[in-house]
Amino acid sequence: MQTTHLPGRGLVAAVISSIGVRHDGAHDLVTDGLYLDLRRALRNPADDPEMRYRTGLDADVYAHVLKTPGALTLLNRTAVQLRALADEVPVGRLVRLTVACQGGRHRSVAAAETIGRLIWEAWDGEYGVEIEHHHIDHPVLPSSPPA
């Protein structure tokens, strides 16, 4: 697992997890909070041989995901929903978002990073954000049609 930590002046208020739903035990990582499944929503960089073995942390893969028509709208709306949820919970309680794709290396990683930065910037760095990539280091899965 890899983690991106966006520090805040206060506590960590949001944890965003990227997962690949085709990995064993992936659904056990889904807890309370919001869930965003990108398998049908965004282009899969793994379909491009140049990007297949890279991750959503690589600039070209990240850009490829965000250039999918509608991607920025979807990710901005999700960040707004997460922030609205955070505004409703008591200070000190975490809000959680799980972002899913097939393998957890490309789309969910890029989306989780984007949403994490959007909410951190909206908070003006007041609160910290943790972005956990649970399957980024797992082997690339064979192609499969989206569920």
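Author: Among what covers the buried residues of α1 are α2 and α3. Keep in mind that this is a predicted model.

Reader: Which residues of α1 are buried?

Author: Val-61, His-64, Val-65 and Leu-66 are the buried residues of α1.

Reader: What is Tyr-62 in contact with, leaving aside its neighbours within four places in sequence?

Author: With that exclusion, Tyr-62 is in contact with Gly-56, Ala-110, Glu-113 and Thr-114.

Reader: Moving on to α2 and α3. At what angle do their axes cross?

Author: Roughly 50 degrees, and the axes of α2 (residues 71–88) and α3 (residues 107–122) come within 9 Å. The two helices are therefore oblique to each other. The crossing of α2 past α3 is right-handed.

Reader: Which residues make the contact?

Author: From α2, Leu-75, Asn-76, Thr-78, Ala-79, Leu-82 and Arg-83 take part. From α3, the residues are Ala-111, Thr-114, Ile-115, Leu-118, Ile-119 and Ala-122. Sorted by class, the contact of α2 with α3 has 8 nonpolar, 3 polar and 1 charged residues.

Reader: Now the sheet. In what order do the strands come?

Author: The order is β1-β5-β2-β4-β3, with 5 strands in an open sheet and mixed pairing.

Reader: Which strands stand at the edges?

Author: β1 (2–6) and β3 (34–37) do. Each has a single partner strand, so one side of each has no neighbour in the sheet. From one strand to the next, the twist averages 15 degrees.

Reader: What does α3 touch in the sheet?

Author: α3 packs on the sheet and touches β1, β2, β3, β4 and β5 (128–133). The direction of α3 makes about 180 degrees with that of β5.

Reader: How many bridges join β2 to β4?

Author: There are 7 bridges between β2 (residues 12–20) and β4 (residues 95–101), and these strands run parallel. In this pairing, Val-15 has Arg-96 as its bridge partner in β4, and Ser-18 stands opposite Val-99.

Reader: And how many join β2 to β5?

Author: 6 bridges, and β2 and β5 also run parallel. The bridge partner of Ser-17 in β5 is Glu-132.

Reader: How many residues of β2 are buried?

Author: 8 of its 9 residues are buried, so β2 is mostly covered, given that buried means under 20% relative accessible area.

Reader: Last one, His-135. Where is it found?

Author: His-135 is in the segment after β5.

Reader: Is His-135 buried or exposed?

Author: His-135 counts as buried, because its relative accessibility is 4%.

Conventions:
Residues are numbered from 1 along each chain as its sequence is written. This is a predicted model: local features need pLDDT of at least 70, side-chain atom pairs count only at pLDDT 80 or more; totals for chains, interfaces and linings use all residues. Side-chain values use heavy atoms; hydrogens and water are left out. Axes are lines fitted to C-alpha atoms, for helices over the stretch in contact, and angles run from 0 to 180 degrees between N-to-C directions. Helices (H or I, at least four residues) and strands (E, at least two) are DSSP runs, numbered from the N terminus. Angles under 35 degrees count as roughly parallel, over 145 as roughly antiparallel, 65 to 115 as roughly perpendicular and the rest as oblique. A crossing is left-handed if the near helix is turned anticlockwise from the far one by less than a right angle, and right-handed if clockwise. Contact means heavy atoms within 4.5 Å. Ala, Val, Leu, Ile, Met, Phe, Trp, Tyr, Cys and Pro count as nonpolar, Asp, Glu, Lys and Arg as charged, and the others, Gly among them, as polar. Two strands pair if DSSP finds at least two bridges between them. Buried means under 20% relative accessible area, exposed over 50%, partly exposed in between (1.4 Å probe, protein chains only).
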